[in-house]
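Here is a friendly walk through one protein chain, from its overall fold down to single side chains. Please keep the sequence and the 3D view at hand while you read.

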Amino acid sequence: MSHLLFEPITLRGLTVRNRIWVPPMCQYSVETDDGIAAPWHYVHYGSLARGGAGAVIVEATGVTPEGRISPKDLGLWNDAQRDALAPIVDFVHSQGAAAGIQLAHAGRKAST
């Protein structure tokens with residue numbers, strides 16, 4: 001008996017190996033308040049991909065430093081942040097999972 005949960009799904013040209021997706025979570029785990037992913041992020045997201053998730057969606061990632069929920073949020077407003085996320089994405093892909101990201105801005109009530 002086959003269950004749809006474990007069957008691949010194709011959405012707009014992206015085929016995901018199963019329907020077990022890890023949703024974005026606010027982890028607040030940046031080490032130096034600069035928005036740059038740390039080894040913790042590599043292990044966290046890599047282990048989820050290695051564990052068999054079809055898609056791993058990275059936590060709420062600030063698009064500006066002022067718009068983060070907390071100073072410990074990931075950022076994606078400069079090249080250093082992009083470069084720190086690239087090996088995580090590469091590893092997630094190497095484990096057969098799709099990688100996604102939740103872009104975020106906390107609006108006028110942002111805490112930073």
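The report below starts with the model and its fold, then turns to helices, salt bridges, backbone angles and the surface.

## The model and its confidence

This is a predicted model, in which local features need pLDDT of at least 70 and side-chain atom pairs count only at pLDDT 80 or more, while totals for chains, interfaces and linings use all residues. Residues are numbered from 1 along each chain as its sequence is written, and side-chain values use heavy atoms, with hydrogens and water left out.

The mean pLDDT (the predictor's confidence in each residue, from 0 to 100) is 94 for the chain, and 96% of the residues reach 70 or more. Helices (DSSP runs of H or I, at least four residues) and strands (runs of E, at least two) are numbered from the N terminus. Confidence is lowest in S4, with a mean of 96, and highest in H2, at 98. As a reminder, where pLDDT is low, the predicted coordinates should not be read in detail.

## Overall fold

The chain holds 2 helices and 6 strands, and along the sequence they follow the pattern β-β-β-α-β-β-α-β. Taken along the principal axes, the C-alpha atoms fill a box of roughly 50 × 25 × 20 Å.

Of the 112 residues in the chain, 32% are buried; buried means under 20% relative accessible area, exposed over 50%, and partly exposed in between (1.4 Å probe, protein chains only). Contacts are heavy atoms within 4.5 Å. Among contacts between residues at least 6 apart in sequence, 65% join residues at least 24 apart. Accessible areas come from the Shrake-Rupley method with a 1.4 Å probe, and for residues only the protein chains shown count as cover. The chain exposes about 6,500 Å², with carbon and sulfur atoms supplying 60% of it.

Helix H1 covers residues 39-50, and its 12 residues should span 16 Å at 1.5 Å a residue; the end C-alpha atoms are 16 Å apart, which agrees. The expected span is 1.5 Å times one less than the number of residues. Which residues of H1 are buried? They are His41, His44, Tyr45, Gly46 and Ala49. The cover over these buried residues includes strand S4 (55-62), strand S5 (74-75) and helix H2 (79-94). After H1 comes Gly52, with a positive phi near 115 degrees.

Ile88 sits in helix H2 and counts as buried, at 5% relative accessibility. Leaving aside residues up to four places away in sequence, Ile88 touches Ala37, His41, Tyr42 and Tyr45. Gly51 lies 37 residues from Ile88 along the chain, and their C-alpha atoms are separated by 15 Å.

## Salt bridges

A salt bridge here is a side-chain nitrogen of Lys or Arg within 4 Å of a carboxyl oxygen of Asp or Glu. By this rule the count comes to 3 salt bridges. Lys72 pairs with Asp33, their closest N and O atoms being 3.0 Å apart. This pair links distant parts of the chain, 39 residues apart: Lys72 is in the loop between S4 and S5, and Asp33 in the loop between strand S3 (21-22) and H1. Lys72 is partly exposed at 30% relative accessibility, and Asp33 is partly exposed at 35%.

In helix H2, Asp79 and Arg82 are 3 residues apart and so separated by about one helical turn. Their salt bridge has its closest N and O atoms 3.4 Å apart. Arg82 also meets Asp83 in a salt bridge (2.9 Å, N to O). Through shared partners, Asp79, Arg82 and Asp83 are joined into one network. Arg82 is partly exposed, with a relative accessible area of 44%, and Asp83 is partly exposed at 44%.

## Positive phi in a loop

Most residues other than glycine have a negative phi. Tyr28, however, has a positive phi near 50 degrees; Tyr28 lies in the loop between S3 and H1 and is partly exposed at 38% relative accessibility. Asp33 has a positive phi near 60 degrees and is found in the loop between S3 and H1.

## A nonpolar surface patch

Val63, Leu76, Ile101 and Leu103 form a nonpolar patch on the surface, with about 300 Å² of accessible area together. Patches are made of residues with over 30% relative accessible area and no salt bridge, with like charges joined within 9 Å and nonpolar side chains (Val, Leu, Ile, Met, Phe, Trp, Tyr) within 5 Å.
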